[in-house]
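Here is a colleague's note on one protein model, written for a reader who is new to structures. Please look over the sequence and the structure before reading the points.

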Amino acid sequence: MEKQIYRFTNQIDALEVSSAGAKIIIRQHDKEEFYAEYSNPKGSPEFCAVLNGTTLTFKEKLSFSFFCPKPKEDYTIEVFVPNMKLARLKVSTTSGGADVSEVTAEKFELNTASGNIQVNACFDDIKIQSASGSVNLTAPCVTTAKTLTVCTVSGNANVSCYKAEEFSLHSVSGKTTCDGISGKGKISVTSGSVDVRYSEWNADLDISAISGNIGITLPESSGIEVKFDGISGSLRTDIGMSKGQFMNFGKGTSGTLGGENCHKLNVSLTSGKVQVAQG
């Protein structure tokens, strides 16, 4: 089947791209138009472009009879965006995966069922939800987002080079890593694991876990004002001691440990494990 080609020169500030099985590729180019190519050797499912006001949508229609766990290289949705900052960019995949880079937007939303996602771009507000896919979010340089939210069920997520004013990480049974974060944080785990390395310890952090493991690494000379509640679980830290000299704390622990750069660490555990270490 020949490629389907779409060109839009309208005033557009929001872009949505949805895939059932095709790999989504989004890039910036030096033209003033929004340009898209849809390639599908099978010719199904149905694909369309919809312009509603200033929102442009490219989408495959999901069919219950359609399944493509490993899309071929020539089965793609390629979208090229003018050199501009979008108000909103939304990407949704079932099994096709996505590769997004060299674009900017105020709001970025990603929903994936089982695709593998690569995102290398700068956004102000970020919301990522993954059922069982693998998500890698990076920025071309260290940048500060207003909000960063990552929620995984059984998939894995890796975030690097992003600071944030506020961030939230939730893992059901997958693994989430976040390298170079800052800002006010909230981490919750059901039975998965979360590992966070701070580039700047500048706000409070709330942690809750039913089970699973949470690892936090803070810059040296950081301090923590600990409040540890819950049913069981354990908190292990070397903050306020020699690096690598860990102590174990149980529920009911409260107090201040470490240096002058001190912020609140609230921990509530059912049976999980938390380690807070010096960088």
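The numbered points below go from the basis of the model to its overall build, its core and its charged pairs.

1. Basis. The model is predicted, with local features needing pLDDT of at least 70 and side-chain atom pairs counting only at pLDDT 80 or more, while totals for chains, interfaces and linings use all residues. Residues are numbered from 1 along each chain as its sequence is written, and side-chain values use heavy atoms, with hydrogens and water left out.

2. Overall build. The protein has 23 strands and zero helices. Both terms refer to DSSP runs numbered from the N terminus: helices are H or I runs of at least four residues, and strands are E runs of at least two. Along the principal axes, the C-alpha atoms fill a box of roughly 65 × 40 × 30 Å.

3. Contacts along the chain. A contact means heavy atoms within 4.5 Å. Of the contacts between residues at least 6 apart in sequence, 46% join residues at least 24 apart.

4. Burial and surface. Of the 279 residues, 45% are buried. Buried stands for under 20% relative accessible area, exposed for over 50%, and partly exposed for values in between (1.4 Å probe, protein chains only).

5. The core. In soluble globular proteins, nonpolar side chains tend to be buried together. Here the largest nonpolar core has 70 residues. Such a core is a set of buried Ala, Val, Leu, Ile, Met, Phe, Trp, Tyr and Cys residues joined through side-chain atoms within 4.5 Å. The residues with the most contacts inside it are Ile26, Phe58, Leu89, Phe123, Ile187 and Ile216. Setting aside neighbours within four places in sequence, Phe123 touches several residues, including Leu89, Val103, Phe108, Ala145 and Tyr162.

6. A buried threonine. Is Thr176 buried or exposed? Thr176 is buried, because its relative accessible area is 0%. This residue belongs to strand β13 (residues 175–181). Beyond its neighbours within four places in sequence, Thr176 has contacts that include Thr152, Leu169, Ser193 and Asp195.

7. Charged pairs. Side chains of opposite charge can pair when their charged atoms come close. The structure holds seven salt bridges, each being a side-chain nitrogen of Lys or Arg within 4 Å of a carboxyl oxygen of Asp or Glu. One of them joins Lys3 and Glu37, at 3.1 Å from N to O. Lys3 sits in the segment before β1 (4–8) and Glu37 in strand β4 (residues 34–39), so this pair ties together parts 34 residues apart in sequence. Lys3 is partly exposed at 46% relative accessibility, whereas Glu37 is buried at 14%.

8. Two further salt bridges. Arg88 pairs with Glu16, their closest N and O atoms being 2.6 Å apart. Arg88 is in strand β8 (residues 85–93) and Glu16 in strand β2 (residues 14–19), 72 residues apart. Lys163 pairs with Glu200 at 3.7 Å between the closest N and O atoms. Lys163 lies in strand β12 (residues 156–171) and Glu200 in the loop between β15 (193–198) and β16 (205–209), so the pair ties together parts 37 residues apart in sequence. Lys163 is partly exposed at 22%, and Glu200 is partly exposed at 36%.
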